[in-house]
Structures are given as structure tokens and as C-alpha cells.
Amino acid sequence: MVEPDFSVRTDAEIKQWIENYERAGKAADPKYGLLIDELSRRQVGKHKLDINKSIEHLKTCAMRQEFTTYGALAAASGVAWSKARMHMNGARGHLDMLLSYCHSHDLPYLPAICVNQKMKEVGELEDSALDGFIKGMARLHVRVDDPKAFHKECCDECWKWGARQSKL
């Protein structure tokens with residue numbers, strides 16, 4: 001597949017294109033993955049959160065079978081939590097982009113293992129974080145009937161994936 005030239009497209013056009021793919025339920029299309037990669041590259045230049053560094057951090061945590069925190073995720077990009085916080089949540093926020101990246105790159109939903117500091121030992125998402133996680137999944141047309149059970153399943157998939165990677 002020939003990579004399209006996104007340099008002539010604005011951020012708004014890239015975001016709209018991504019939304020169109022999601023609305024159509026085509027988040028598995030390879031072009032969707034290219035769009036996510038492009039938007040991720042552009043976001044690094046704006047707020048310094050680097051999707052590739054975040055993915056590597058999450059992969060390492062999955063291999064260690066450890067939950068991580070939003071602050072640690074920001075630190076992986078070399079960004080202070082006070083600056084990263086406003087870019088983490090919401091549609092097209094860093095966590096949402098990580099979900100899209102995982103979806104389009106055939107990875108488990110690694111952001112599932114990222115929780116706030118006080119929940120790190122138990123690995124649960126607080127209600128607002130769980131709501132954001134589920135909204136991200138809905139944009140990817142992933143059906144979720146029981147949010148807490150689904151989150152646990154996603155964490156389990158991360159642990160299984162991490163264990164397989166550790167054996168390679």
C-alpha cells in the first residue's frame with residue numbers, strides 16, 4: 001500500500017477523516033492506521049506527548065505485568081504531568097489516540113493498564129476514567145455491555161500479550 005501524502009492536509013482534515021472512518025466502522029482499515037500515525041506525529045510537535053514512547057512504556061509495563069499511571073505515561077515522553085494533564089483525556093486526547101493506535105496496529109488495548117496513582121495497586125479505573133475508556137471503544141465500534149468487566153478483560157489481554165513478548 002502506497003502511503004498517502006498527508007502534508008497537504010490540515011490537522012482538522014486529518015481528524016475529520018479519522019472520524020469518518022470511525023463512524024463508518026472502518027477502524028480496521030490500514031488507511032485508518034496511517035491517519036492515526038500522522039495525527040500522532042503532529043501532536044508530538046504541539047504538546048510533546050509522544051505516542052511511540054507511550055506505547056513502548058505500556059508494552060514494558062505489560063511485559064512486567066504492572067499497572068502504570070498517567071503521570072508515568074507523561075514522564076515517558078519527558079513531559080511534566082502538570083503540562084500533560086490537559087492533553088490526556090477526551091476524544092483525540094492522548095489516551096484516546098493510544099486506544100486507536102492499539103486498535104489499528106493489532107495490539108491489546110494497552111491504555112487499559114494505565115490508571116491514576118491511587119488505583120495503581122488494584123488496577124481499577126475511576127468512574128470518569130472508565131467512562132472515557134468506554135467512549136473511546138465506542139468510537140472504534142467495539143461493543144461493551146459491562147464496562148468494568150470489559151476493562152478487566154482488556155487488562156487480562158495486556159498481561160497475556162506481555163507474557164508472550166517476554167518469552168520471545
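This is a predicted model: local features need pLDDT of at least 70, side-chain atom pairs count only at pLDDT 80 or more; totals for chains, interfaces and linings use all residues.
The largest pocket has a volume of about 490 Å³. It is lined by 24 residues, of which Tyr70, Asn89, Leu95, Ser128 and Ala129 are the closest to its centre. Helix H7 gives the most to this lining, contributing six residues. By residue class, the lining of the largest pocket comprises 13 nonpolar, five polar and six charged residues.

The second largest pocket holds about 240 Å³ of space, and among the 13 residues that line it, Gly123, Glu124, Lys148, His151 and Lys152 are the closest to its centre. At least two residues of this lining come from each of H7 and helix H8 (147–167), with H8 providing the largest share, six residues. The lining of the second largest pocket divides into six nonpolar, two polar and five charged residues.

Turning to the aromatic residues, the structure holds five aromatic pairs. In one of them, the ring centres of phenylalanine 67 and tryptophan 159 lie 5.0 Å apart and the ring planes stand at 85°, and because an angle over 60 degrees counts as edge-to-face, the pair is assigned to that class. Phenylalanine 67 is located in the loop between helix H3 (51–64) and strand S1 (68–69), whereas tryptophan 159 belongs to helix H8, so that the pair ties together parts that are 92 residues apart in sequence. Both partners fall under the 20% limit for buried residues, since the relative accessible area is 16% for phenylalanine 67 and 15% for tryptophan 159.

A further aromatic pair, formed by phenylalanine 133 and phenylalanine 150, is tilted, with 6.1 Å from centre to centre and 40° between the planes. Phenylalanine 133 lies in helix H7 and phenylalanine 150 in helix H8, and the pair therefore ties together parts that are 17 residues apart in sequence. Phenylalanine 133 is buried, with a relative accessible area of 6%, and phenylalanine 150 is likewise buried, at 13%.

Conventions:
Residues are numbered from 1 along each chain as its sequence is written. Side-chain values use heavy atoms; hydrogens and water are left out. On a 1 Å grid over the protein atoms alone, a cavity is a set of points where a 1.4 Å probe fits but cannot get out, and a pocket is an open set with protein on both sides within 12 Å along at least five of seven lines; lining residues have an atom within 4 Å of a point. Grid points are joined across faces, edges and corners, and a volume is the space filled by probe spheres set on the points. Helices (H or I, at least four residues) and strands (E, at least two) are DSSP runs, numbered from the N terminus. Ala, Val, Leu, Ile, Met, Phe, Trp, Tyr, Cys and Pro count as nonpolar, Asp, Glu, Lys and Arg as charged, and the others, Gly among them, as polar. Rings of Phe, Tyr and Trp (its six-membered ring) pair if their centres lie within 6.5 Å; planes under 30 degrees apart count as stacked, over 60 as edge-to-face and the rest as tilted. Buried means under 20% relative accessible area, exposed over 50%, partly exposed in between (1.4 Å probe, protein chains only).
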